Amino acid sequence: MKLVIAIVGNDDAPIVLNALTKEGFHVTKLSTTGGFLRAGNTTFLIGVEKEKVDKVIEVLREYSSKRTQVVPSTSAIDVGMYTSFPVEITVGGATVFVLDVEKHEKL
Ligand code: 2BA
């Protein structure tokens with residue numbers, strides 16, 4: 001058995017959790033904080049059989065990969081005058097660890 005630890009952004013967490021549970025995976029969700037940005041993120045613990053690790057990673061990749069998004073931004077062009085223009089930002093991304101589980105019991 002393996003333990004997949006996946007750290008994802010809070011924005012992606014609900015959709016990732018839905019997709020994992022829909023696929024039948026057992027998931028524990030932890031509210032965590034990134035040490036660098038000190039911003040909230042979400043850590044999932046997923047215990048799975050070795051053969052299913054790739055499927056878990058596939059789901060994580062589908063629902064939380066880094067991607068670009070175009071969002072509107074504004075900037076001042078004169079006193080009291082603003083212009084709006086699109087900017088491309090990077091959102092999402094997942095950090096994944098896969099650990100060997102020595103023993104797993106439900107008591
Ligand atoms: P990512 O590398 O995508 O990491 C996102 C979050 O995943 C991290 O949040 C942290 O909570 C977790 N994480 C990543 N790698 C980890 C590891 N090896 N062990 C344990 N947890 C890990 P933050 O720590 O707030 O980092 C946010 C982003 O800031 C990182 O995105 C990375 O792009 C940058 N970053 C992190 N530490 C850095 C450092 N020491 N110097 C420069 N940039 C850093």
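Which side chain meets Asp12 in a salt bridge? Arg67 does, at 2.8 Å from N to O. The views below come from a predicted model.

**View 1. Arg67 and Asp12 meet in a salt bridge.** Arg67 lies in strand β4, which covers residues 67–78. Asp12 sits in the loop between β1 and α1 (13–22). The two are 55 residues apart in sequence, so the pair ties together separate parts of the chain. Their accessibility is also listed here. Asp12 counts as buried, at 7% relative accessibility. Arg67 counts as partly exposed, at 34%.

**View 2. Lys2 forms a salt bridge with Asp100.** The closest N and O atoms are 2.4 Å apart. Lys2 belongs to strand β1 (residues 2–9) and Asp100 to strand β6 (residues 94–100), so the bridge ties together parts that are 98 residues apart in sequence. Lys2 is buried, with a relative accessible area of 18%. That value falls under the 20% limit for buried residues. Asp100 is exposed, with a relative accessible area of 62%. Within the sheet, Lys2 stands opposite Asp100 in β6. The strands β1 and β6 pair in the antiparallel sense, over seven bridges.

**View 3. Glu58 forms a salt bridge with Lys55.** Here the closest N and O atoms are 3.2 Å apart. Both residues lie in helix α2 (residues 53–64). They are three residues apart, so about one helical turn separates them. Glu58 counts as partly exposed, at 43% relative accessibility. Lys55 also counts as partly exposed, at 29%. The count for the model comes to four salt bridges, among them Glu58 with Lys55.

**View 4. Four strands form an open, antiparallel sheet.** The order is β2-β3-β1-β6. β2 (27–33) and β6 stand at the edges. Each has a single partner strand, so one side of each is left without a neighbour in the sheet. Neighbouring strands are turned by 20 degrees against each other on average, direction ignored.

Note on methods:
Residues numbered from 1 in each chain as written. Predicted model: local features only at pLDDT ≥ 70, side-chain atom pairs only at ≥ 80, totals over all residues. Heavy atoms only, no water. Buried < 20%, exposed > 50% of the residue type's maximum accessible area, 1.4 Å probe, protein only. Pairing = 2+ DSSP bridges. Axes fitted to C-alpha atoms, helices over the stretch in contact; angles between N-to-C directions.
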